[in-house]
Amino acid sequence: MAGPVFGFHCSHEQHAPSTLLRHATLAASAGFTAAMCSDHFHPWSERQGHSGHTWSWLGAALATTPLSFGTVCAPGQRYHPAIIAQASATLAEMFPDRFWIAVGSGEALNEKITGTGWPPREKRQLRLKASVDAMRALWTGEPVTMTRDGVMVSRARIYDVPARPPMLVAAALSAETARWAGEWADALITVSGPRDDMRAILEAFRERGGAKPAYLQVALSFAPTEDESRAAAHEQWRHAGLTRDQLSDLATPLEFDRASAHLTPEDIAARVRVSADIERHAEWLYEDAAMGFDRIYLHNVARDHQERFLTACGERLLPALTHVD
């Protein structure tokens, strides 16, 4: 049985779009065959300082690299699902079988910019499912009219539909959401964390989703020294130490900075894989593969060490992972 696909994560919150495109090119040269990117309006922190438009960038990334790509977004508020259905269909038509889209209920950080308030989680999940159903209906190329759970579509039709619609992946941070997603999603994506939490999410998805694919996004910090790796994780990815509700409900980068100000480097190292040793990262990834994840996307949160990380991936990490099965 073939092992997992290893991909590179492109963080729009941390890099200018032009820089991120260069990283994607370097990732392909290093031997990665897959990539994904974030879709934010705001960064998590003022320290990150970037937030390019994902859908503008994806066309360039797919056209200039051989990588497959996916992104995680939240249709229903900032984006009308018909617009996301059209954007996804366009990418899937131009780049067959190279684009997937993951959907989640979103964060206030990005969605509250519309000024329409922030619904509770239960209403957001109902809105998400209605958005998913609208998108799938639009990908048939037939006219769609619907009104349900805050989603309204009136006589919309996508004329350029792909031969195969993009894989529709559910983003889940809890076992409860993963179990629900198993009923309707084509695949799951979750994030690295405590091993027991990851296992619970994966098992919950399998309860309803069976053998559908499961993807993992791994936040790691790789820099020249252990101290630099730890400091970079604390400086750039401090929100990893916040609660699930805080991640969903805080509305601005400044609010995130205030809420995470008390967190120490040790707190963040408990949530982000910190090591200057690429072989140690390989060991963690072997454990991810053994859990049953089909694709594993690597995100080096140490912003200033992307090229060094990609060189290490090409020379040592990816060759070591070739034999994972």
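What volume does the largest cavity have? The largest cavity has a volume of about 40 Å³. Before we look at what surrounds it, please keep in mind that this is a predicted model.

The largest cavity is lined by Ala74, Pro75, Gln77, Gly104, Ser105, Glu111, Arg124, Arg127 and Leu128. Helix α5, which covers residues 121-138, gives the largest share of this lining, with 3 residues.

To find it in the viewer, select Trp44, Ser45, Arg47, Arg238, His239, Leu242, Phe256, Asp257 and Ser260, which line it. Its lining also divides by class into 3 nonpolar, 3 polar and 3 charged residues.

From cavities we can move on to a pocket. The second largest pocket has a volume of about 240 Å³. It is lined by 16 residues, and those closest to its centre are Pro96, Asp97, Arg98, Phe99 and Met167. Two elements give two or more residues each to this lining, namely α3 (81-94) and β4 (99-103). By class, the lining of the second largest pocket has 10 nonpolar residues, 1 polar residue and 5 charged ones.

The crossing of α3 with α5 is right-handed. On the α3 side the contact is made by Pro81, Ala82, Ile84 and Ala85, and on the α5 side by Ser131, Met135 and Leu138. Sorted by class, the residues of this contact are 6 nonpolar and 1 polar, with no charged residue.

Now turn to helix α1, residues 17-30, which packs with helix α13, residues 306-321. Their axes are 9 Å apart and the angle is about 15 degrees, which makes α1 roughly parallel to α13. The crossing of α1 and α13 is right-handed. From α1 the contact takes Arg22, His23, Leu26, Ala27 and Ala30, while α13 brings Gln306, Glu307, Leu310, Gly314 and Leu318. The contact of α1 with α13 contains 5 nonpolar, 3 polar and 2 charged residues.

Helix α1 has another partner to look at. Which residues of α1 meet helix α2? They are Pro17, Leu20, Leu21 and Ala24, and on the α2 side they meet Trp57, Ala60, Ala61 and Thr64. In this contact of α1 with α2, 7 residues are nonpolar, 1 is polar and none is charged. Helix α2 spans residues 54-64, and its axis comes within 10 Å of the α1 axis, with a crossing of roughly 25 degrees. These two helices, α1 and α2, are therefore roughly parallel to each other. The crossing of α1 and α2 is right-handed.

Technical notes. Residues numbered from 1 in each chain as written. Predicted model: local features only at pLDDT ≥ 70, side-chain atom pairs only at ≥ 80, totals over all residues. Heavy atoms only, no water. 1 Å grid on protein atoms, 1.4 Å probe; cavity = no way out; pocket = protein on both sides within 12 Å on 5 of 7 lines; lining within 4 Å. Points joined across faces, edges and corners; volume = space filled by probe spheres on them. Helix = DSSP H or I, 4+ residues; strand = E, 2+ residues; numbered from the N terminus. Nonpolar A, V, L, I, M, F, W, Y, C, P; charged D, E, K, R; others polar. Left-handed = near helix turned anticlockwise from the far one by under 90°. Contact = heavy atoms within 4.5 Å. Axes fitted to C-alpha atoms, helices over the stretch in contact; angles between N-to-C directions. Parallel < 35°, antiparallel > 145°, perpendicular 65-115°, else oblique.
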